[in-house]
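These are my notebook entries on a single chain. I set down what I looked up and the criteria that I applied.

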Amino acid sequence: MSGSGAKKVVEAAAKATKSIDWDGMAKLLVSDEARKEFVNLRRTFDEVNHALQTKFSQEPEPINWEYYRKGIGSRLVDMYKEAYEGIEIPKYVDTVTPEYKPKFDALLVELKEAEEKSLKESERLEKEIAEVQEMKKKISTMTADEYFEKHPELKKKFDDEIRNDHWGY
């Protein structure tokens, strides 16, 4: 990897590290298995990030051609130097990102919608749980009128059955 290309990779990795809210994501996890996988993901990310910052951020040491000329001979060293300097590392042209970026962006939108839907459903379920717990506390002392006040559809159903002389047989 060329020196400037490696620096760009390291800079991108550093930016990615700063923008990841690991603690925020960890709070969203529910199961122990998810937490275990999350810890593995974070450890792997840190290992890759460390490798990028240590291996690819350093410029290679320049070759001391004079040292080799003394020991091997100038003709052979000049041949190697010429071949070394003639090496051209092609620049990486990213053709994959433009292809998948719209798909990824669409998935992010879909994810946000699913997250909003999930939060609304969670809120609804929490309210329902609170109502059931309240009902559980009061049910032993509750009268039928108090119960029907909270559930008018059941009162209507029972009244219709009595009115139509249908007693559930």
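**Entry 1: basis.** I worked from a predicted model, in which local features need pLDDT of at least 70, side-chain atom pairs count only at pLDDT 80 or more, and totals for chains, interfaces and linings use all residues. Residues are numbered from 1 along each chain as its sequence is written, and side-chain values use heavy atoms, with hydrogens and water left out.

**Entry 2: whole chain.** I found eight helices and zero strands, helices being DSSP runs of H or I with at least four residues and strands runs of E with at least two, numbered from the N terminus. The pattern along the sequence reads α-α-α-α-α-α-α-α. I noted that 7% of the 169 residues count as buried; buried means under 20% relative accessible area, exposed over 50%, and partly exposed in between (1.4 Å probe, protein chains only). The accessible surface (Shrake-Rupley method, 1.4 Å probe) is about 15400 Å², and carbon and sulfur atoms hold 58% of this area. I then looked at contacts, meaning heavy atoms within 4.5 Å. Among those with a separation of 6 or more, 38% join residues 24 or more positions apart.

**Entry 3: salt bridges.** I counted 13 salt bridges, taking a side-chain nitrogen of Lys or Arg within 4 Å of a carboxyl oxygen of Asp or Glu as the rule. I looked up three of these pairs in detail.

- D32 pairs with R35, with the closest N and O atoms 3.1 Å apart. Both belong to helix α3 (residues 32-55), and because they are three residues apart there, about one helical turn separates them. D32 is exposed at 60% relative accessibility, whereas R35 is partly exposed at 36%.
- E66 and R69 form a salt bridge with an N to O distance of 2.7 Å. They lie three residues apart in helix α4 (residues 65-72), so about one helical turn lies between them. E66 is partly exposed, at 47% relative accessible area.
- E134 and K138 are joined at 3.0 Å, N to O. Helix α6 (residues 97-138) holds both, four residues apart, about one turn of the helix. E134 is partly exposed at 34%, and K138 is likewise partly exposed at 40%.

I also recorded a network of salt bridges that links E66, R69 and D78.

**Entry 4: helices α4 and α5.** Which angle do the axes of α4 and α5 make where they cross? I read roughly 145°, with the axes of α4 and helix α5 (residues 74-86) coming within 7 Å. The contact involves W65, Y68, R69 and I72 of α4, and S74, L76, V77, D78, Y80, K81 and Y84 of α5. By class I listed seven nonpolar, one polar and three charged residues in this contact. The axes are lines fitted to C-alpha atoms over the stretch in contact, and angles run from 0 to 180 degrees between N-to-C directions. Ala, Val, Leu, Ile, Met, Phe, Trp, Tyr, Cys and Pro count as nonpolar, Asp, Glu, Lys and Arg as charged, and the others, Gly among them, as polar.

**Entry 5: annotated region.** An unreviewed UniProt entry annotates residues 108-145 as "coiled-coil region"; such annotations may be inferred rather than shown by experiment. In the model I found this stretch to be 87% helix and 0% strand, with its end C-alpha atoms 50 Å apart.
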